[in-house]
Amino acid sequence: MFGLIGHSTSFEDAKRKASMLGFDHIADGDLDVWCTAPPQLVENVEVKSATGISIEGSYIDSCFVPEMLSRFKTARRKVLNAMELAQKKGINITALGGFTSIIFENFNLLQHKQIRNTSLEWERFTTGNTHTAWVICKQLEINAPRIGIDLKKATVAVIGATGDIGSAVCRWLINKTGISELLMVARQQEPLALLQKELDGGTVTSLNEALPQADIVVWVASMPKTIEIDTDNLKKPCLMIDGGYPKNLDEKFQGENIHVLKGGIVEFFNDIGWNMMELAEMQNPQREMFACFAEAMILEFEKCHTNFSWGRNNISLEKMEFIGAASLKHGFSAIGLDKQPKVLTV
Amino acid sequence: MHNELKITVMQTLESNKKIIEESTNPISLDLPDFTTDSYKDAYSRINAIVIEGEQEAHDNYISIATLIPNELEELTKLARMEMKHKKGFTACGRNLGVVADMEFAKKFFSKLHGNFQVALEKGNLTTCLLIQAILIEAFAISAYNVYIRVADPFAKKITEGVVKDEYLHLNYGQEWLKENLSTCKEELMEANKVNLPLIKKMLDEVADDASVLAMDREELMEEFMIAYQDTLMEIGLDNREIARMAMAAIV
């Protein structure tokens, strides 16, 4: 069994979905009621790989909503309780979707192993970051040439370079793509210097300096709401890959020859027959999903029951190659620019 | 298209940076000062509730045995365990130099106690099991689980032992209801509608005292809902039925 832990994108949305699913007791409740709501196993599903193997899985909604980010104890409980539920249901490998893995990492939840009478077994969980990083790299390699960017001449900026996904993307770009130049931007300078040393390449720079030079920008940092960017200073064409969470880049970058691609999203070769991804608001909810979720499915297809993506900066090229090959084999592909929603004027 | 609009207003981690810095401080378990007067004052009521709760649990299991005599042995065993817990919790109070306010505790349980007695007289086993083996046990487990995280070392050890037993009790009522679900569902729903709101009121009533003991109301309620939902699911109710039952806690 594979598991996916997800959540709604807003409180209003969560209430609407709960009502749709018949969870009236929380659908009618205020945010305080949601703060006390247990995680819910919303759906069971069977998925058949392109190779013919069938697996079963469950979608668990943690009942977390982003409005709870300001209440860290609540957010922490939501994540841990959902993980406990996944383990109690006997799920072998569960992906932590959306804010779940971000909260796990940033709120340092490794120190909370004991949840009631359950001792969490970390090997049952994966952040899904290896697959996300691989998918972002593939999206870059496939889509840049489509809009007239020659990778061999391209300057790529990675914003959030020292994060788990960011550092993996940098590692791949330097070693596997032959790009002309890598610009690395992150808030903390010390890990950035360490990464540069490890990669033996890449240029450390600031956001404002990187943007006008970059043909391709990979965003894997949580973007401050207040940030203002002058699109006139960007190169044209320019490929922006929105690999962060939430995906809020396209409202900031609108303009001719600026192409914003939702990063880290994959499409399955067949309709899955679930309602889960309608909850996650995918364009084609029967086939599209976050790459991190797909990682749990891939690991289950491969019977690789281990916390494949775990901790920070553990994503090696070998792991990316392994998950990438398995991803293709079982019928996943990275979504491209032709899959993009039309630019919306907010 | 609609999606994009909504995501615009979504919170980001960045907008909550201060909270994250606060949360990643080395384990800030914030244990309360067990020696202050305010702690002891609040403890005198909470401790009494726990002691009274264990006593009533003992009495209730003995009473339930009168309705299912062939379970007498098992129920007596459970009842005996509750008395052991009572002794343990009495020792916790003594250890802190606190005299439990038993009068308060009796009043605290009176309504639920009354409902149990009425059901017992009528021979409504389902209602008795719902009150004792589901609601009270889930209430106890949730409170103990939260308390363990903020208890003094002596009480922590005792409470950890108790929680292990309590899961067994929850299991007992659960098994019986599961086996008899087809015939007892209606009574279960009805009894729940009457008694779950009492649990919520009881929780609200002790919320202030509990917070002095560093037990958060929100966390208590969530722990209760988890134990309650788990049990109902084990009994064999589906998501919608559980949602309908849990509704009684909200209105």
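How many residues does helix 3 of chain B have, and how far does this helix reach from its first C-alpha to its last? Helix 3 (residues 37-67) of chain B has 31 residues and reaches 45 Å, close to the 45 Å expected at 1.5 Å a residue; the expected span is 1.5 Å times one less than the number of residues. This is a predicted model, in which local features need pLDDT of at least 70, side-chain atom pairs count only at pLDDT 80 or more, and totals for chains, interfaces and linings use all residues. Residues are numbered from 1 along each chain as its sequence is written, while chains are lettered from A and ligands numbered from 1 in the order in which they are written.

**Helix 3 of chain B**
- Helices are DSSP runs (H or I, at least four residues), as are strands (E, at least two), numbered from the N terminus.
- A kink of about 25° is centred on Tyr43(B), taken between axes fitted to the seven residues ending there and the seven starting there.
- Helix 3 of chain B packs against helix 8 (residues 181-212) of chain B at about 130°, with axes 8 Å apart.

**Strand 3 of chain A**
- Six of the eight residues of strand 3 (residues 54-61) are buried, so the strand is largely enclosed by the rest of the structure; buried means 20 or more other C-beta atoms within 10 Å of the residue's own, with C-beta atoms placed from the backbone.
- Strand 1 (residues 2-6) of chain A runs parallel to strand 3 of chain A, joined by five bridges; pairing takes at least two DSSP bridges.
- Ile5(A) stands opposite Ile60(A).
- Strand 2 (residues 40-48) of chain A pairs with strand 3 of chain A in the antiparallel sense over eight bridges, and Asn44(A) stands opposite Ser58(A).

How values were computed
A residue is buried if 20 or more other C-beta atoms lie within 10 Å of its own, exposed if 12 or fewer, and partly exposed in between; C-beta atoms are placed from the backbone. Axes are lines fitted to C-alpha atoms, for helices over the stretch in contact, and angles run from 0 to 180 degrees between N-to-C directions.
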